[in-house]
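The following exercises are to be worked through with the sequence and the model at hand. Each task is followed by a solution in steps.

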Amino acid sequence: MVFQTTFQRRGGALAVYNWFSNEISVAMIQFACHCRHVFTLNDDEAGGLVQCPDCGRLNDVPTLGDLANLAEDGTFKVDSSDPVKEAHRLAELSLVFSKGRTDAQGNEIDLRRTLEDVAQDNEPIDLTPEEPGPQASKPRYDPITGELIRPIDVKEDGPDPSTIPMATATINYASGGGEKRITPALLPVELFRPLNLTVMLFVVIGHYLAVLLGTVALVMPFLIPALLIFQACFLAHYGCVIEETGPDTKDELPRPLRDLRLYDDIWSPLVNVVGSVLLCYLPAALTALYLNTHAPGLASRAWMVLLAAVIGTFFYPAVLLTMSTSGTAANLRPDRLLTVIRDCGLAYWAAVLLWIVASCTYLLALAALQLALLRLFGLPLGLPGRVPAFFIGAGSLLVAVYLMHWFCWHLGLLYRAHHDEFPWVLQRHHPRGDRATRSSAGRAGAAGAAPTDTKARLRELREADRRQRATAQRAPRG
């Protein structure tokens, strides 16, 4: 019984102690609003916002450290230091800013020498005016850094600048005057530059690997996709040559497949080259297929197939140039192709001749190499033993690669020389006249004035451009 009473007493005291401790541990923040409404908040609300129920004003809850600086109206107390009192301030100011040379007690405060002082010392004073001469300029200082701006001595004139030897540009694009112009007549020589020879060497090595892969693919058909990829890369490279030497105005062969971008360097040039071949030679192939099934004799259909092949060969350079550089298949319309051929002039016939020789040499080289490899593997094929098929194929391949690069570069030069004359669409923006101009033109036409001949105006602009280029070519270069 005594133990229970003692426990109850101790428990009650413990409860009272806990309550008192909680009340003491929770510090309260008490401050007033501007309307003198007093807030009493817990310390965990310090730094927050509270709205006054009387005036509706939002008040910042001060921290415990700010309570000592708050006034009864909720404003912060600002400490103002008393100004330093200087007992003799007025006397010093009157002494400094007085107009006389002595103070109130008669003491001299201006110790500068006057003219009377100089005269009493019997020192002669030269009052003659000085001759005008160069006046020393006042020092100048930088407005930002404050540093003294010192004059710079200028060196006297030296020799005539025209007599000083000047360095010449060693890179083609360093100056416009020293830029080397590539013409169709210089192409055969330009192809023998080391960089161009290196590009063609890699292409030749790739052809050798492709022929070897094609021979192995006859035994292992699963290698046929790899062979097709090899051939597609070669065709895409020739399309890249036309783009680089034409629209990009480069005077050297691009490296094979340029930057290996899937669309710009492989797919798009491949589509242009293969599409041009299909457009020009697919009619001849379809004609041969049709006549083979419907015409009984070989002689009766050979001339028709030959005629279709000749027409395709004639149009192939124009079709390839249009697909590679015009940017749209809408320019493949026959009248536009014929205009391209006409604007190129005799240079187009050179492109046709290059294509005929290069394509025939290519076919001969690939056929000879293929037959030589088949003979090497023991198959009873190939040229007679007295004629080395491999050397014929290897030599023909060197010539074919050289001619194909010559042909593609020649097309690029045709684009650079005549692309402004080609009747291609979607090449440049022609701004239309405003409404007032069109309405005035309509009124002039209704009044009987002669309408503007667009074709005649275009011919005049072309003739002026030709004359300007001819003048620039005849002008001597410095």
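**Exercise 1. The protein as a whole**

How many helices and how many strands does the protein have? State also how many of its residues count as buried, as a percentage, and describe its surface.

*Solution.* The model is a predicted one. Step 1: the count gives 13 helices and six strands. Step 2: the protein comprises 478 residues, and 27% of them count as buried. Step 3: the accessible surface amounts to about 34,500 Å², with 63% of that area belonging to carbon and sulfur atoms. Step 4: consider contacts between residues at least 6 apart in sequence; 60% of these join residues at least 24 apart.

**Exercise 2. The packing of α5 and α11**

Determine at what angle helix α5 and helix α11 pack, and classify the arrangement.

*Solution.* Step 1: locate the two elements; α5 covers residues 194–217 and α11 covers residues 389–418. Step 2: their axes lie 10 Å apart and the packing angle is about 130°. Step 3: angles over 145 degrees count as roughly antiparallel and those from 65 to 115 as roughly perpendicular, whereas the remaining range is oblique; therefore α5 is oblique to α11. Step 4: the crossing of this pair is right-handed. Step 5: α5 contributes N196, M200, V203, V204, H207 and Y208 to the contact, while α11 contributes A394, L397, L398, V401, Y402, H405 and W409.

**Exercise 3. The packing of α6 and α11**

Describe how the axes of α6 and α11 cross, and list the residues that make the contact.

*Solution.* Step 1: the axes of α6 and α11 cross at roughly 35° and come within 7 Å. Step 2: the crossing of α6 and α11 is right-handed. Step 3: from α6, the contact involves H237, Y238, V241, I242 and T245; from α11, it involves V401, M404, H405, C408, W409, L411, G412, L413 and R416. Step 4: the residues of the contact of α6 with α11 comprise nine nonpolar, four polar and one charged.

**Exercise 4. The surroundings of G239**

Is G239 buried or exposed, and which residues does G239 touch?

*Solution.* Step 1: G239 is found in helix α6, which covers residues 224–245. Step 2: the relative accessible area of G239 is 2%. Step 3: buried means under 20%, so G239 is buried. Step 4: leaving aside residues up to four places away in sequence, G239 touches P269 and V273. Step 5: N272 is 33 residues from G239 along the chain, yet the C-alpha atoms of G239 and N272 are separated by 6.9 Å.

How values were computed: Residues numbered from 1 in each chain as written. Predicted model: local features only at pLDDT ≥ 70, side-chain atom pairs only at ≥ 80, totals over all residues. Heavy atoms only, no water. Axes fitted to C-alpha atoms, helices over the stretch in contact; angles between N-to-C directions. Helix = DSSP H or I, 4+ residues; strand = E, 2+ residues; numbered from the N terminus. Parallel < 35°, antiparallel > 145°, perpendicular 65-115°, else oblique. Left-handed = near helix turned anticlockwise from the far one by under 90°. Contact = heavy atoms within 4.5 Å. Buried < 20%, exposed > 50% of the residue type's maximum accessible area, 1.4 Å probe, protein only. Areas by Shrake-Rupley, 256 points an atom, 1.4 Å probe, with all protein chains shown as cover. Nonpolar A, V, L, I, M, F, W, Y, C, P; charged D, E, K, R; others polar.
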